Amino acid sequence: MIEITVPKLNNNDAQYDLVEWLAEDGATVTKDDDLLTLETSKAAEDLVSEHDGVLHQAVEAGEQVPPGAVIGRIFADAAARDAFLAAAEAAAATRTDTSGEGADFVLTAQARTQAAEFGVTEEELRSLGKRIIKGSDVEALVARRRASEEIPSNRLELSQHQRAIGAVVTESHRTVPASFTVVRMRVDAAEAATKELSARSGTAIGLPAVLITQLAALRAAFPAFFATYDEDGYALLAEQSHVGVTVDLGNGLYIPVVRDADRLSAVEVAEQLEDFRFSALRGNFRGSELMGAAITLSLNNDEDVLLTQPIIFPGQTCMVSLGGVQTGLELAADGGVVAARYVHVGLAFDHRVVNGREAVQFLQALKSALQAPELERTAEPAATAG
Amino acid sequence: MKRNERVGENLNQALHRVMESHEDVYLIGEDVLDPYGGAFNITKGLSDRFADRVLTTPISENAILGVANGLALTGNKPIAEMMFGDFITLAFDQIVNFSAKSVSMYGATHPMHLVVRCPVGGRRGYGPTHSQSPQKHFLGVPDLHLFELSPFHDNATVLEGMVELGKPCIFFEDKVLYTERRHQGGPVGDLFSLEFTGEDPFPVARLFIEDTAPELVIVAPGGLAQRAVDAARELFLQHEIACEIYVPSALYPFDAQLLAEPVARAGRVCVVEDAPPGGSWGAEVAHQLYSTCWDSLRAPVRLVHSADSVIPTALHLERDVLVSSESLELALKELAQ
């Protein structure tokens with residue numbers, strides 16, 4: 001078999017026109033027979049056969065062909081031509097699914113690299129329905145494929161922060177035998193006092209700030225409530241009234257610590273709470289701000305919340321929870337009916353350290369303090385050494 | 001690929017059509033008679049059909065334009081051919097001092113229907129005096145209009161437009177284009193879509209990649225169009241930097257208004273031409289873009305020219321002097337950063 005290639009006819013053209021075939025496909029030709037006409041930008045030229053044999057046309061008339069291209073073949077006889085065509089047909093059939101030739105799209109270098117890396121097939125690329133495929137298109141295709149293959153659509157990935165919270169709650173339930181008591185406390189007086197103080201100090205003061213100061217002050221009378229249970233049968237008493245407080249503004253639950261809350265005024269505590277809220281919004285608490293609490297206050301004082309039963313932080317013996325403020329009617333001492341504002345304050349306690357009776361006493365003390373708040377407390381010199 | 005007509009064939013057919021439809025169109029130039037039909041075969045067949053209106057001349061560019069000016073002044077529509085655009089300097093006086101001024105210097109507007117055809121550009125190894133791009137020498141002459149041949153525009157429309165303009169026109173024809181296939185519809189290569197913007201008979205060809213916001217705008221006259229397409233194709237396939245290419249038919253006066261919005265959107269623009277640097281068409285376009293898009297430009301307008309050099313004859317030396325798709329690609333890559 002002899003290949004017919006396009007000769008170089010001039011220097012100006014990269015392609016010539018194959019104007020027409022002068023011998024028919026499958027015809028028997030002899031040496032020096034005219035085979036075809038090529039046309040350059042300058043002239044038309046006929047190509048003659050250099051051999052005797054049977055012609056096979058590989059390119060149709062009207063096509064453009066570059067110098068060197070194979071445009072036809074001359075076979076010894078018709079049988080040789082038929083055998084060649086059959087073989088070529090078979091080869092073409094096996095090639096169709098893998099060959100990228102004749103693809104109806106263009107890949108950028110990035111797209112080609114991505115497709116190779118993730119084993120994206122030509123069929124998948126074609127399914128994009130795009131003529132020009134970029135790296136980002138393949139990326140999106142791979143992402144869709146991964147999403148549909150590996151992750152069920154109802155699966156939500158939990159953040160690191162949420163997983164840490166889960167671990168603490170699980171640890172609490174596993175290790176702390178907790179009990180729980182709730183007391184109802186009137187807050188009319190505290191609300192009036194905070195309103196008046198807010199106006200005077202220019203700082204917005206709420207019940208949480210008041211409760212934190214009152215809570216911190218109870219450490220002297222109730223040291224076991226500010227302690228760490230020790231497996232050997234001891235409770236290690238805290239030496240400072242550091243009060244942890246829950247803050248959650250939608251970016252995860254944090255428990256920053258108001259340090260030495262027994263020496264702070266309600267105004268100072270309110271200012272710290274304000275700072276905590278900013279840090280919680282931005283998620284930029286320092287590690288030290290979140291450590292060292294002796295007791296924790298769980299704030300659940302949204303409207304309509306009666307009370308939330310808190311867990312007990314492993315390493316502490318109590319967590320106090322504050323519910324939302326309720327309005328109701330009460331019988332006054334003179335038998336009349338008055339409107340009353342009140343909250344439910346709950347106490348979850350480690351039964352290895354504290355019992356129910358003490359828990360009630362603790363809550364009653366808190367109630368007395370809350371109902372006659374002493375908001376003007378100024379920082380006193382440390383009552384205890386250390 | 002099925003064959004499209006060559007740009008030169010299209011231009012030849014355009015000349016046939018315009019001579020057929022206008023009895024006052026004359027063609028004048030060196031060796032334009034059949035069977036030679038001009039040095040690039042562009043006037044092939046014209047003298048056989050319109051023997052009394054195709055005038056062949058000796059080597060005498062100044063006289064060719066003198067005769068053409070006389071024909072135009074008396075109400076005819078001459079088309080003059082410079083065998084090589086380089087020789088137009090010999091007719092500079094007739095064009096600048098007579099053709100252009102005749103439109104207005106006689107007190108009332110006097111239409112001058114004159115077209116001067118100039119094969120220009122290199123990449124053929126024709127050397128320093130047969131390869132130049134002299135467009136810049138004719139910029140800023142009142143009433144003188146400059147146009148350039150492109151593989152996208154239909155020359156029947158462009159030629160008719162120039163013949164009917166009533167102001168003298170110079171048509172710069174990159175000689176490499178004559179043997180190239182004319183683009184007729186459909187995508188340009190495997191990447192670019194083509195549409196026209198602006199008004200007939202001299203719209204601007206716009207080549208763009210569908211569904212992709214361009215980071216660069218390239219302004220390239222017809223002779224540079226293919227090199228711009230090749231450079232932009234590589235830039236996109238290798239680096240995913242998308243370019244939008246504008247190929248104007250009218251070079252001067254140039255209206256940058258059409259480019260203002262796309263250039264402002266991309267913030268980066270490159271103007272490419274075959275002339276050496278200094279007082280060039282690209283500088284004129286850049287000035288207009290600075291005026292209209294100053295606040296939106298994220299980088300200085302990039303000009304790409306040939307080297308500041310005569311054009312060597314040896315092909316390998318000529319290649320280093322003229323703009324190539326590779327040198328253009330490099331400049332575009334720098335501009336994109």
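Predicted model: local features only at pLDDT ≥ 70, side-chain atom pairs only at ≥ 80, totals over all residues.
**Entry 1: starting point.** I first looked up B:V217 and found that it stands opposite B:E244 in β10(B). My note on terms: helices (H or I, at least four residues) and strands (E, at least two) are DSSP runs, numbered from the N terminus, and two strands pair if DSSP finds at least two bridges between them. Residues are numbered from 1 along each chain as its sequence is written, with chains lettered from A and ligands numbered from 1 in the order in which they are written.

**Entry 2: the sheet in chain B.** I followed β9 (residues 216-219) of chain B and saw four bridges to β10 (residues 243-247) of chain B, in the parallel sense. Both belong to an open, mixed sheet of six strands, ordered β7-β8-β10-β9-β12-β13 (chain B). Its edge strands, β7 (193-197) and β13 (302-304) of chain B, each pair on one side only. Neighbouring strands here are turned by 20° against each other on average, direction ignored. Axes are lines fitted to C-alpha atoms, for helices over the stretch in contact, and angles run from 0 to 180 degrees between N-to-C directions. Helix α8 (residues 281-293) of chain B packs on this sheet and touches β9, β12 (269-272) and β13 of chain B, with its direction at about 155° to that of β12(B). Contact means heavy atoms within 4.5 Å.

**Entry 3: where the chains meet.** How many residues of each chain are in contact? I noted 22 residues of chain A and 20 residues of chain B. The area buried between chain A and chain B (accessible area, 1.4 Å probe, that two parts lose on being put together, summed over both) is about 1800 Å², and carbon and sulfur atoms give 40% of it. I also found six residue pairs in polar contact across this interface, both residues at pLDDT 80 or more. On the side of chain A that touches chain B, β2 (16-21), β9 (106-107) and α2 (109-117) of chain A each supply at least two residues. The most comes from α2(A), with three residues. For a polar contact, the N or O atoms lie within 3.5 Å; within protein, one must be able to donate a hydrogen and the other to accept it, and residues adjacent in sequence count only if both atoms are side-chain atoms.

**Entry 4: A:D17.** Two salt bridges cross between chain A and chain B, the rule being a side-chain nitrogen of Lys or Arg within 4 Å of a carboxyl oxygen of Asp or Glu. Which residues meet A:D17? B:R181 does, at 2.1 Å from N to O, and B:R6 does too, with the closest N and O atoms 3.6 Å apart. The B:R6 pair runs from the segment before α1 (7-21) of chain B to strand β2 of chain A. Within chain A, A:D17 stands opposite A:Q64 in β7(A), and two bridges join the antiparallel β2(A) and β7(A).

Entry 5: Most residues other than glycine have a negative phi, and most peptide bonds are trans. B:P35 is in the loop between β1 (25-30) and α2 (46-49) of chain B. Another cis bond joins B:Y252 and B:P253, with omega about -5°.

Definitions and conventions:
Heavy atoms only, no water.
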